[in-house]
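Here is a short tour of one protein chain. Look at the fold first, then follow the text from the sheet to the core and the charged pairs.

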Amino acid sequence: VRNETADSDRLTYTIQPNPTVAEYDIELTIVVVPGLNTAPVWLIGRLTDVSNYYGAGTYTSGAAADKKIFKKVAGVVTELASGDFGLTAGDVIKFEIRNGTKKLFQNGVERLSTTDNALTAAGKAGMAFGNNLVSTDDHESGVRVDDFSYVEVVAADDLFAQAVM
């Protein structure tokens with residue numbers, strides 16, 4: 001449980017067991033919006049180690065370009081997509097990870113996408129708070145999230161095989 005605010009720091013949580021496929025959806029609900037414009041909430045995927053993963057998420061609506069998708073490869077962070085869509089308590093944020101695209105949804109509406117596929121291993125999935133994208137970002141004790149979920153995507157061939165059996 002996080003109970004303090006930290007400047008220029010991050011917290012990253014991953015699920016267990018690890019994903020068994022490289023295509024999956026990660027989702028959470030923002031219950032209490034962070035008070036700071038520099039306290040983002042991230043969904044993390046294909047994390048092989050702290051230097052290699054994809055992230056997507058949101059800053060508060062007071063931040064410019066409050067939604068972001070990024071990658072960190074060999075320790076180098078690259079912003080892949082950004083946009084300004086606002087944020088209110090109750091918003092559902094989903095990160096859809098596919099080999100052809102990575103997409104960020106807000107309340108079921110696609111907000112951002114990228115075709116980057118530099119990281120292809122299933123890795124780990126989870127959520128993070130703080131400076132995963134920008135080194136001076138913070139994590140804040142006031143933010144609250146709920147209803148975290150993770151769903152693996154079954155390939156079309158697997159669906160056919162399951163239907164035939």
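In what order do the six strands of the open sheet stand? The order is β1-β10-β3-β4-β5-β6, and the pairing is antiparallel. Keep in mind that this is a predicted model.

**The sheet**

Strands of a sheet pair through backbone hydrogen bonds, either parallel or antiparallel. Here β1 and β6 (76–83) stand at the edges. Each has a single partner strand, so one side of each is left without a neighbour in the sheet. Neighbouring strands are turned by 20° against each other on average, with direction ignored.

Take the pair at the β1 end. Five bridges join β1 to β10, and the two run antiparallel. Within this pairing, tyrosine 13 stands opposite methionine 127 in β10.

**The cores**

The largest nonpolar core has 22 residues. Which of them touch the most other members? They are Ile26, Leu28, Leu43, Ile69, Ile93 and Phe95. β2 (24–32), β3 (41–49), β4 (52–58), β7 (92–97) and β10 (124–130) each supply at least two of its residues. The largest share, four residues, comes from β2.

Now look at isoleucine 26.

**Charged pairs**

Side chains of opposite charge can pair when their charged atoms come close. How many salt bridges are counted in this model? The count comes to six. Three of them are set out here.

| Salt bridge | N to O distance |
|---|---|
| Aspartate 25 and arginine 98 | 2.8 Å |
| Glutamate 79 and lysine 68 | 3.2 Å |
| Lysine 103 and glutamate 110 | 3.5 Å |

Start with aspartate 25 and arginine 98, whose side chains meet in a salt bridge. This pair links distant parts of the chain, 73 residues apart. Aspartate 25 is in strand β2, while arginine 98 is in the loop between β7 and β8 (102–106). Are these two residues buried or exposed? Aspartate 25 is buried, and so is arginine 98.

The side chains of glutamate 79 and lysine 68 also meet in a salt bridge. Glutamate 79 is in strand β6 and lysine 68 in strand β5, eleven residues apart. Their surroundings can be read from their accessibility. Glutamate 79 has a relative accessible area of 40%, so it is partly exposed. Lysine 68 has 11%, so it is buried.

Lysine 103 and glutamate 110 form a further salt bridge. Why does lysine 103 count as partly exposed? Its relative accessibility is 21%, and the cut-off for buried is under 20%. Glutamate 110, at 38% relative accessibility, counts as partly exposed too.

Some of these bridges share partners. Salt bridges of this kind join Asp25, Glu96 and Arg98 into one network.

**A buried lysine**

Lysine 67 lies in strand β5. At 0% relative accessibility, lysine 67 counts as buried. A polar contact of 3.2 Å joins its side chain to that of aspartate 66. What else does lysine 67 touch, not counting residues up to four places away in sequence? The list includes Gly57, Thr58, Ala81, Ser82 and Gly83. Phe85, Gly86, Leu87 and Ile93 are on it as well. Leu104, Gln106 and Leu112 also touch lysine 67.

**Backbone points to check**

Where is the cis peptide bond described here? The bond from glutamine 16 to proline 17 is cis, with omega near 0°. Proline 17 is found in the loop between β1 (10–14) and β2.

Next come two positive phi values. Alanine 65 has phi near 50°, a positive value in a residue other than glycine. Alanine 65 sits in the loop between β4 and β5 (67–73). With a relative accessible area of 23%, alanine 65 is partly exposed. Aspartate 147 likewise is a residue other than glycine with a positive phi, near 50°. Its place is in strand β11 (residues 144–152).

Terms used: Residues numbered from 1 in each chain as written. Predicted model: local features only at pLDDT ≥ 70, side-chain atom pairs only at ≥ 80, totals over all residues. Heavy atoms only, no water. Core = buried A, V, L, I, M, F, W, Y, C linked by side-chain atoms within 4.5 Å. Buried < 20%, exposed > 50% of the residue type's maximum accessible area, 1.4 Å probe, protein only. Pairing = 2+ DSSP bridges. Axes fitted to C-alpha atoms, helices over the stretch in contact; angles between N-to-C directions. Salt bridge = Lys/Arg side-chain N within 4 Å of Asp/Glu carboxyl O. Polar contact = N/O pair within 3.5 Å; in protein donor to acceptor, adjacent residues only side chain to side chain. Contact = heavy atoms within 4.5 Å.
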